[in-house]
Amino acid sequence: MNLVLRPHGTWVIVLSFIFSFMLSIMPLPIWISAWRPDWVAMVLIYWCIAIPHRTGVATGWSVGIIHDVLNNTLLGQHALSLCIIAYISVKLHLRIRLFPRLQQAISIAGLIIINQTLSIWIYNIFTNFQIDWSVIFSAISSMILWPWLFVILRDMRRSYRVF
Amino acid sequence: MTPSVINSRSLALKMIIFVLLSITLMVVDVRFNYLTTVRTYLLGVVYPLQYLVDMPIKIGQWLSKSVSNRNQLLNENAKLRTENLQLQVALQKFEHLKNENKRLRYLLDSSKEVGERVQVAEVLAVDLERSKRNILINKGKNNNVFINQPVIDAKGVMGQITQIGLFSSVVMLITDPEHELPVQVVRTGLRTIAKGMGTLNRLSLLYLSNTGLNTGIKVGDLIVTSGIGQKFPKGYPVGTVIEVTPDIGKPYAQVHALPRAILERNREVLLVWKK
């Protein structure tokens, strides 16, 4: 069995991240914007558990920097939280892969809560901002959408043979 | 999925290095301004993404404009014509006043010139961080936009530029809790500071003592920029006072104002350059 695999299908990964960025800056009505799923974190978690030898902490960090520029937050705010998320999901990738879909969605929600809490906490150090329940809202909507995102990304990964 | 062996020690090391790197970046970003140029170029890099998100909305507007019927267009045309006429009349008067003002200033030996140049910029329909009140416009370093540049709309002051990209820039609105604007009550000349409250359409006027309320400020007063601080030109309308509550327990009264500018749903804004 030939285990020396050359990276293949990088453009699929890049494209999925571009789509997640676009979804995360798409204008939404104010009442629903608290429920916006954390698309970037979800896509990052998917690639970290699917191909942990390629995407990992460094990917999480660079994606986070772009996220910071797009959202006009401190440079490094999302980078820090996303690289920690990437670390946890690479560390646990074998376990998360084996979970049934529902349990997987719940663990994703947990990761997203960690991600949001970290970035709000960092933001709080430098400015004054109350932490509210919106952290939970976006984790819930991400949890609901995770199975669909997982299926879509898995099919893309298989048909374009990303490994 | 391919079987993979991840070296957990090197992974943890990598994580720690990146975490430290982000902490350093954040501290540098907050304390110094070395990173403004980096941000300018990074904003230039991500501009295509923001443009792509904005495009469907722009196309939708264009479509609705091109299929709107003749009657509607005629009505709009008539309305604009009357509005234009009224503005022309006001402008005649204004021209006269401007000349008179110039002459009086000349007589007083005051050399201060009034006059600004404005340029229209378009707001990109893109969401930024939810807790802040920021918007993105499609003019940047290439159009000579500068940091702290005032941004207004047809009705009043909107905010100021806080980040510049190559082709776009970020505007902090006057309702942002971090934004403070030196203002003045037109009727009495009372000076104060309008601070954003983070909520939609509400400004808080600071440092107005309870005792001076009767003479200085009342509900319905117009407030304009006072020009103190040199960042905003003098005399642009900011808002209307809607609430004056004397608070005996505190040294200052609670005074709230409603911004004049349409802050949240504008498509076009004006950038101001001093001449």
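Helix 1 of chain B gives the most to the nonpolar patch of this predicted model, with five residues. The patch, formed on the surface by Trp121(A), Ile125(A), Phe126(A), Ile16(B), Leu20(B), Ile23(B), Val27(B) and Val30(B), has about 720 Å² of accessible area together, and helix 7 (101–126) of chain A as well as helix 1 (8–31) of chain B each supply at least two of its residues. Patches consist of residues with over 30% relative accessible area and no salt bridge, like charges being joined within 9 Å and nonpolar side chains (Val, Leu, Ile, Met, Phe, Trp, Tyr) within 5 Å; areas come from the Shrake-Rupley method with a 1.4 Å probe, and for residues only the protein chains shown count as cover. Ile16(B), in helix 1 of chain B, counts as partly exposed because its relative accessibility is 45%, where buried means under 20%, exposed over 50% and partly exposed in between.

The model is predicted, so local features need pLDDT of at least 70 and side-chain atom pairs count only at pLDDT 80 or more, whereas totals for chains, interfaces and linings use all residues. Residues are numbered from 1 along each chain as its sequence is written, chains are lettered from A in the order in which they are written, and side-chain values use heavy atoms, without hydrogens and water.

A search of the whole structure finds nine salt bridges over all chains, a salt bridge being a side-chain nitrogen of Lys or Arg within 4 Å of a carboxyl oxygen of Asp or Glu. The table gives some of them.

| Salt bridge | N to O distance |
|---|---|
| Arg202(B) and Glu243(B) | 3.6 Å |
| Arg267(B) and Glu122(B) | 4.0 Å |
| Glu122(B) and Lys58(B) | 3.5 Å |

Glu122(B) lies in strand 1 (residues 116–124) of chain B and Lys58(B) in helix 2 (residues 35–67) of chain B, so this pair ties together parts that are 64 residues apart in sequence. Glu122(B) is partly exposed, at a relative accessible area of 25%, and Lys58(B) is partly exposed as well, at 27%.

Salt bridges that share partners join Asp54(B), Lys58(B), Glu122(B) and Arg267(B) into one network.

Glu243(B) also has a bridge partner in strand 11 of chain B, namely His256(B). Strand 10 of chain B and strand 11 (residues 254–259) of chain B run antiparallel and are joined by six bridges; two strands pair if DSSP finds at least two bridges between them.

Note on methods
Helix = DSSP H or I, 4+ residues; strand = E, 2+ residues; numbered from the N terminus. Buried < 20%, exposed > 50% of the residue type's maximum accessible area, 1.4 Å probe, protein only.
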